[in-house]
Amino acid sequence: MDARAMELGALLTLLRRSNDPWSEVSMDIAVAGSARAFMADAADSTLFDAPDAVHDKAMSDVRDWIRQGLEWVTILDADYPSRLREIRETPPFVFYRGEIRPEEEGVCIVGSRSASDWGRAFASE
């Protein structure tokens, strides 16, 4: 697994173990410059009850996403959408299809597995 996938696995581990909102975890990781470095620094703290099991599950999820052909960018990636960096609750990572074009304004659809009829109608307009 490459370094980028390992970084996402560390980020997932931190998100799953923290009691803080994901936006705060995202900012902590951005300030640290690396989820892996932040996780190593936090290893001696009470952040983790059983870090190996949580980290193993996170890495398994990343491997599954790779097998499914999913693409992602994290808050640490240079091609992370700049408009998302500007919002108060910056998502720690975003899945995408196609290509990211930083020079173009884009459309972001945050989906739901169980969208209401109203939500589907609104999204299609």
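This is a predicted model: local features need pLDDT of at least 70, side-chain atom pairs count only at pLDDT 80 or more; totals for chains, interfaces and linings use all residues.

Q: Is Ser-18 buried or exposed, and which backbone atom does its side chain reach?
A: Burial is read from the relative accessible area, and under 20% counts as buried. Ser-18 has a value of 14%, so it is buried. Its side chain reaches the backbone nitrogen of Asp-20 at 2.9 Å.

Q: Where is Ser-26 placed, and what does it touch beyond its sequence neighbours?
A: Ser-26 belongs to helix H2 (residues 22-32). Its relative accessibility is 1%, and it therefore counts as buried. Leaving aside residues up to four places away in sequence, Ser-26 touches Ile-75, Thr-90, Pro-91 and Pro-92. With Pro-91, the separation is 65 residues in sequence, yet 6.9 Å in space from C-alpha to C-alpha.

Q: How may one check the length of helix H1?
A: One compares an expected span with the distance between the end C-alpha atoms. The 15 residues of H1, at 1.5 Å a residue, should span 21 Å; the end C-alpha atoms are 21 Å apart, so the two agree.

Q: Which residues of H1 are buried?
A: The buried residues in H1 are Ala-5, Glu-7, Leu-8, Gly-9, Ala-10, Leu-11, Leu-12, Thr-13, Leu-14 and Leu-15.

Q: Which residues touch the most other members of the largest nonpolar core, and which helices supply it?
A: The general idea is that nonpolar side chains tend to be buried together in soluble globular proteins. Here the largest nonpolar core has 16 residues, and Leu-8, Leu-11 and Val-62 touch the most other members. At least two residues of this core come from each of H1, H2, helix H3 (35-42) and helix H4 (51-67). The most is given by H1, with 7 residues. Apart from this core lies another, of 5 residues, including Val-73, Ile-75, Tyr-80 and Val-94.

Q: What does Leu-11 touch, sequence neighbours aside?
A: Once residues up to four places away in sequence are left out, Leu-11 touches Ile-29, Ala-35, Thr-74, Pro-92 and Phe-93.

Q: How many aromatic pairs are there, and what is the geometry of Trp-65 and Phe-95?
A: Two values are read for each pair: the distance between ring centres and the angle between planes, with over 60 degrees counted as edge-to-face. The count comes to 3 aromatic pairs. Trp-65 and Phe-95 form an edge-to-face pair, 4.9 Å centre to centre, with 85 degrees between the planes. Because Trp-65 lies in helix H4 and Phe-95 in strand S2 (residues 93-96), the pair ties together parts that are 30 residues apart in sequence. Phe-93 and Phe-95 have ring centres 5.4 Å apart and planes at 90 degrees, so this pair is also edge-to-face. Ring pairs link Trp-65, Phe-93 and Phe-95 into a cluster.

Q: How many salt bridges are counted, and which parts of the chain does the pair of Arg-4 and Asp-77 link?
A: For a salt bridge one reads the distance between side-chain nitrogen and carboxyl oxygen, with a cut-off of 4 Å. The count is 5 salt bridges. Between Arg-4 and Asp-77 the closest N and O atoms are 3.9 Å apart. This pair links distant parts of the chain, 73 residues apart: Arg-4 in helix H1, and Asp-77 in the loop between strand S1 (71-74) and helix H5 (82-85). Arg-4 is partly exposed at 33% relative accessibility, while Asp-77 is buried at 16%.

Q: Which salt bridge does Arg-16 form with an aspartate, and which network includes it?
A: Arg-16 forms a salt bridge with Asp-61, with the closest N and O atoms 2.6 Å apart. The pair joins helix H1 to helix H4 across 45 residues. Arg-16 is partly exposed at 39%, and Asp-61 is buried at 10%. Salt bridges link Arg-16, Lys-57 and Asp-61 in a network.

Q: What separates Arg-67 and Asp-64 in helix H4?
A: These two are 3 residues apart in helix H4, and therefore about one helical turn separates them. Arg-67 is exposed at 62%, and Asp-64 is partly exposed at 28%.

How values were computed: Residues are numbered from 1 along each chain as its sequence is written. Side-chain values use heavy atoms; hydrogens and water are left out. Helices (H or I, at least four residues) and strands (E, at least two) are DSSP runs, numbered from the N terminus. Buried means under 20% relative accessible area, exposed over 50%, partly exposed in between (1.4 Å probe, protein chains only). Contact means heavy atoms within 4.5 Å. A polar contact is a pair of N or O atoms within 3.5 Å; within protein, one must be able to donate a hydrogen and the other to accept it, and residues adjacent in sequence count only if both atoms are side-chain atoms. A nonpolar core is a set of buried Ala, Val, Leu, Ile, Met, Phe, Trp, Tyr and Cys residues joined through side-chain atoms within 4.5 Å. The expected span of a helix is 1.5 Å times one less than its number of residues. Rings of Phe, Tyr and Trp (its six-membered ring) pair if their centres lie within 6.5 Å; planes under 30 degrees apart count as stacked, over 60 as edge-to-face and the rest as tilted.
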